[in-house]
Amino acid sequence: MNALAATNRNFRHAAKILGLDTKLEKSLLIPFREIKVECTIPKDDGSLVSFVGFRIQHDNARGPMKGGIRYHPEVDPDEVNALAQLMTWKTAVVDIPYGGAKGGIGCTPRELSKSELERLTRVFTQKIHDLIGIHTDVPAPDMGTNAQTMAWILDEYSKFHGHSPAVVTGKPIDLGGSLGREAATGRGVVFASEALLAEYGKSVKGLTFVIQGFGNVGSWAARLIHERGGKVIAVSDITGAVKNPKGIDIPELLKHKETTNSLKNFPGGDAMDPNELLVHECDVLMPSALGGVLNRENAADVKAKFIIEAANHPTDPEADEILSKKGVIILPDIYANAGGVTVSYFEWVQNIQGFMWDEDKVNGELQRYMTKAFHNIKSMCKSNDCNLRMGAFTLGVNRVARATLLRGWEA
């Protein structure tokens, strides 16, 4: 089941639990605006090449729309639609005053030079500058884009609208980026895990963790779990997988990955089959890479007691059912990985005020937001007698529906 079908299914289920009016339900699913633009740039050799860029703005009932821009050859409108919708519910779950958006350009970034990427980003910005803005739609980095991409968007946008650091988040620190943004998603995942484990009288210290994906999110989560006395016993990424039942020395693994660009041949652990990783014996499993990795083929063999969804949509709806029947507790992605957008919100707030915070304040506020959101989800679970995923979805959908009704959507 693809991301859009799964998201729609979760939304419909939540709408049913909440008893939403069918007309309102339909209205909440339809995106506010879909933008599609042609971006033609001269390549370094002088030849012209065209790309298609787009932005889907899903909902703005609770505030400006917010979401990433990805540069990827398969930027598929359906997927972007699902991700824009997911951002609407995600921002509502952690109660930050945003709606959802998502966008991208269909291109292969590694086949373009830096100057070609800059030209492409600037042309894209020229085409959409009057449809994004500090109080309209605030882009951020995603797959294939980074802080430099945001710097180019900021510069190009500012040519039309004056200096506007708050128009994008995930910027370089020197241009108004926030301290703590780099680690935010991984740190948020750890705060979310702590809130969940506390509910069961447990803490990170002494538990065993398996982490799939060692990119930005997975590596930060691993580092912070290690610091808190948790045992990370297996880690994998695209290059391979490593296990050590006594616990991997994460700072050493990070050094090894830094120098070799790979998890292979790490002296502090044994190589393992990456496919075995998801069904490895552990207390907590953290899929932090791709969607759809837990499915009906492997769900029955999962041995973890808790699954923390650091990636977007790692668990298929079919796997969801199998795991629930087994009594596995799943902390859903729309809450677990919301640390990134929460700190993006802090960056935007700092830019608007023209007053920057120190890193301790950023991390302290992030912990407060993540912990509060967890307790709000739990109370939705109690009042609607549902699991954590539906607790989070009903919380998010209900907040957006209430804002929509208060604003008078039929007028």
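Two strands count as paired if DSSP finds at least two bridges between them. By that rule, β7 (residues 231-237) and β8 (residues 240-243) run antiparallel and are joined by 4 bridges. Helices (H or I, at least four residues) and strands (E, at least two) are DSSP runs numbered from the N terminus. The model is predicted: local features need pLDDT of at least 70, side-chain atom pairs count only at pLDDT 80 or more, and totals for chains, interfaces and linings use all residues. Residues are numbered from 1 along each chain as its sequence is written, and side-chain values use heavy atoms, with hydrogens and water left out.

**Sheets and strands**

- An open sheet of 7 strands has the order β9-β8-β7-β6-β10-β11-β12, with mixed pairing. Its edge strands, β9 (270-271) and β12 (329-331), each pair on one side only.
- Within this sheet, Ser236 stands opposite Ala241 in β8.
- Strand β4 is largely enclosed by the rest of the structure, because 7 of its 8 residues are buried. Buried means under 20% relative accessible area, exposed means over 50%, and partly exposed lies in between (1.4 Å probe, protein chains only).
- Strand β2 (residues 48-57) pairs with β4 in the antiparallel sense over 5 bridges. Arg55 stands opposite Gly103 in β4.
- Strand β3 (residues 65-72) pairs with β4 in the parallel sense over 6 bridges. His72 stands opposite Gly106 in β4.
- From β3 the chain passes through α3 to β4, and this β-α-β crossover is right-handed. That term applies if, with the strands pointing away from the viewer, the path from the first strand over the helix to the second runs clockwise.

**Salt bridges**

- The whole structure holds 25 salt bridges, each a side-chain nitrogen of Lys or Arg within 4 Å of a carboxyl oxygen of Asp or Glu.
- Arg9 and Glu321 form one of them, at 3.1 Å from N to O. The pair links distant parts of the chain, with Arg9 in helix α1 and Glu321 in helix α10, 312 residues apart. Arg9 is partly exposed at 38% relative accessible area, and Glu321 is partly exposed at 45%.
- Arg12 and Glu25 form another, at 3.9 Å from N to O. Arg12 is in helix α1 and Glu25 in helix α2 (residues 22-29), 13 residues apart. Arg12 is partly exposed at 43%, whereas Glu25 is buried at 15%.
- Asp283 and Lys305 also form a salt bridge, their closest N and O atoms being 2.9 Å apart. Asp283 lies in the loop between α9 (274-277) and β10 (284-287) and Lys305 in the loop between β10 and β11, so the pair ties together parts that are 22 residues apart in sequence. Asp283 is buried at 16%, while Lys305 is partly exposed at 41%.

**Second largest pocket**

- The second largest pocket contains about 370 Å³ of space. A pocket is an open set of points on a 1 Å grid over the protein atoms alone, where a 1.4 Å probe fits, with protein on both sides within 12 Å along at least five of seven lines; lining residues have an atom within 4 Å of a point. Grid points are joined across faces, edges and corners, and the volume is the space filled by probe spheres set on the points.
- Of its 21 lining residues, Asn10, Pro317, Asp320, Arg389 and Met390 are the closest to the centre.
- Helices α1 (3-18), α10 and α14 (388-407) each supply at least two lining residues.
- The lining has 6 nonpolar, 7 polar and 8 charged residues. Ala, Val, Leu, Ile, Met, Phe, Trp, Tyr, Cys and Pro count as nonpolar, Asp, Glu, Lys and Arg as charged, and the others, Gly among them, as polar.

**Loop residues**

- Most residues other than glycine have a negative phi.
- Asp95 has a positive phi, near 60 degrees. Asp95 sits in the loop between α3 (77-93) and β4 (99-106) and is partly exposed at 32%.
- His313 also has a positive phi, about 60 degrees, although it is not a glycine. His313 sits in the loop between β11 (306-308) and α10 (317-326) and is buried at 16%.
- Asp130, in the loop between α4 (114-128) and β5 (137-141), is exposed at 55%.
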